[in-house]
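Here are a few friendly notes to read alongside the model.

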Amino acid sequence: MMEITGTGIGQGVAVGPVVRMAERLPEPVDRPSHLDPEREGERARASLSVVGAELAARGAKAGGAAKDVLEAQAMMAEDPSLIEAVTTRLATGATAERAVFEAFATYRELLAGMGGYLGERAADLDDISQRVIAHLLKLPAPGVPDPGHPFILVARDLAPADTATLDLDKVLGLITVDGGPTSHTAILAREKSIVAVVGAADAAGLADGDTVVVEAARGVVTSGPTPEQIAAAKAAIAERAAQTAVAPTPGALADGTAVPLLANLGSTDGAAEAIRLGAEGVGLFRTEFLFLDADAAPSVREQQAQYTRLLTAFAGRKVVVRVLDAGADKPLSFLNDAPEENPALGLRGIRALRHSEAILREQLTALAAADAATDAELWVMAPMIATVDETRYFTSLAKELGIRVAGVMVETPSAALIAGRVLGACDFASIGTNDLTQYTMAADRLLGTVAALQNPWHPAVLRLIAEVGAAGAELGKPVGICGEAAADPLLAVVLVGLGATSLSMSPSALADVRASLARYSLSDAQALAQAALAAEGAAEARAAADAAATDITSAREAAS
Ligand code: PEP
Ligand code: MG
């Protein structure tokens, strides 16, 4: 039995066998083959047809949209002109690996240059090329594995597209070696309710088939658990399943103060599940997740259709949509084309949109049109605001284009420090604690090495949140929280004590946060907040809030 620690995402538990995700293959060396071209040709054709057959079989098994995609990939693997391009290279003495690599790379460029739908298929060619080369080298295929049974996925890190397409019937849990608590792997894992531990450096030593127990709340992975530990894990899984089956109530403190609990979403697919889990609306809809793979800005019509779907799913409720937050951890090729040394400090969020105003105008136009056609209550906000000037720029453009409620995300220390002036120029604020923590602590949210600093409990971060809370109260404007901090049940109480008027989180966290809020009154929450604010560091702040919470509950028990 061995314990591996990392950062847990959510509160869930999972148990199962490890399957490792194979790493991307290096480029095959360009050296002359010692086999003759005919023999290399046989090798290449054999691997291409095995991969083609595998993809077709996976497609047939998957059904639905995945079937079409996989069948198209299977056809590409056996495309005669590609096979001819491979053969031409073999004739010059190349190895099958190198010939496949080069032929696919040339086609990839060709497709990418065409843009649109064909351009989007370029990445598929990469995937097939990697699979064929892996087959030639007798190595496991890169990408998310499909062993045909449920498993715990162990990876160095996942690309957003990998995380977004994980088959939740198969992936019981996720362990990554890299990645901080607010990396997009972590956020998507939370959104999809995948039990995950990220930044678990020692997980690099886990082997295929090892049985592990993943406990997200403790951030611990137990390798080689005892039968008792496995039984305890299974009991915890059953208990959580029973808990979420109870009909949810609106978020409120013990004294009845309403704290609307909203959902963070990255696509409309999760809408029904969010409502089932008691989301009272959407507090953060991350629009850039709709377009991660797109090479060109989506059209107004296409966007309008997406937003209409979202607003229809939440009819009669509040939906806060964020305009594209491109750059740094979520680059979009059509908004971030120039390489930057420090992209987190570069042209991201509102800065990138201001630079390409036509794209922002189109997005706001699509949102206003969707709003007019549906009866949800649409609020729109801009990410990465640092100045009052940016706030004015965004709100006036939003209003000009027909958005009724326009606000900003507070994600930079500067916006928090002048929150009164920022809020004076817009309708509401929503605090993005992931970025606010990254920028306050000067700790890249993507780096496992500085993950310990990426902790929203730090009193410096809490003080900035308190500034925004106070400004909101003074001006009578809503201050939501939509960073991962809102999903931590104890921190959620502290955030309300600091002045947050609503909390938005991955739907999977709603039940735990709802239960936690119901234990404290507003003055209790303020006492917890004061205790945390006065602490020296993040760990001390959590301990102080915890101690204050224990005092409150024991005093109440003694009185009753
Ligand atoms: C945040 O920064 O806290 C936030 C909610 O935005 P994102 O995580 O998408 O950057
Ligand atoms: Mg952010």
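1. Gly432 places a backbone N or O atom 3.4 Å from an oxygen atom of ligand 1, a polar contact (a pair of N or O atoms within 3.5 Å). Side chains take part too: an N or O atom of Glu411 is 2.8 Å from a ligand 1 oxygen atom, and a polar atom of Arg445 is 2.7 Å from one. The protein buries 100% of the 290 Å² that ligand 1 exposes when taken alone (Shrake-Rupley method, 1.4 Å probe).

2. Do look at who lines the site. Ligand 1 has 17 residues around it, and Arg286, Arg322, Glu411, Asn434 and Arg445 come nearest (a residue counts as near with a heavy atom within 4 Å). By class, eight of the shell residues are charged, five polar and four nonpolar, with Gly counted as polar.

3. Which element gives the largest share of the shell around ligand 1? That is α17, with three residues.

4. Asp325 is buried, with a relative accessible area of 0% (buried means under 20%, with a 1.4 Å probe and protein chains only). Its side chain joins that of Arg348 through a polar contact of 2.8 Å.

5. A word on the basis: this is a predicted model, where local features need pLDDT of at least 70, side-chain atom pairs count only at pLDDT 80 or more, and totals for chains, interfaces and linings use all residues. Residues are numbered from 1 along each chain as its sequence is written, chains are lettered from A and ligands numbered from 1 in written order, and side-chain values use heavy atoms, leaving out hydrogens and water.

Terms used. Polar contact = N/O pair within 3.5 Å; in protein donor to acceptor, adjacent residues only side chain to side chain. Helix = DSSP H or I, 4+ residues; strand = E, 2+ residues; numbered from the N terminus. Buried < 20%, exposed > 50% of the residue type's maximum accessible area, 1.4 Å probe, protein only.
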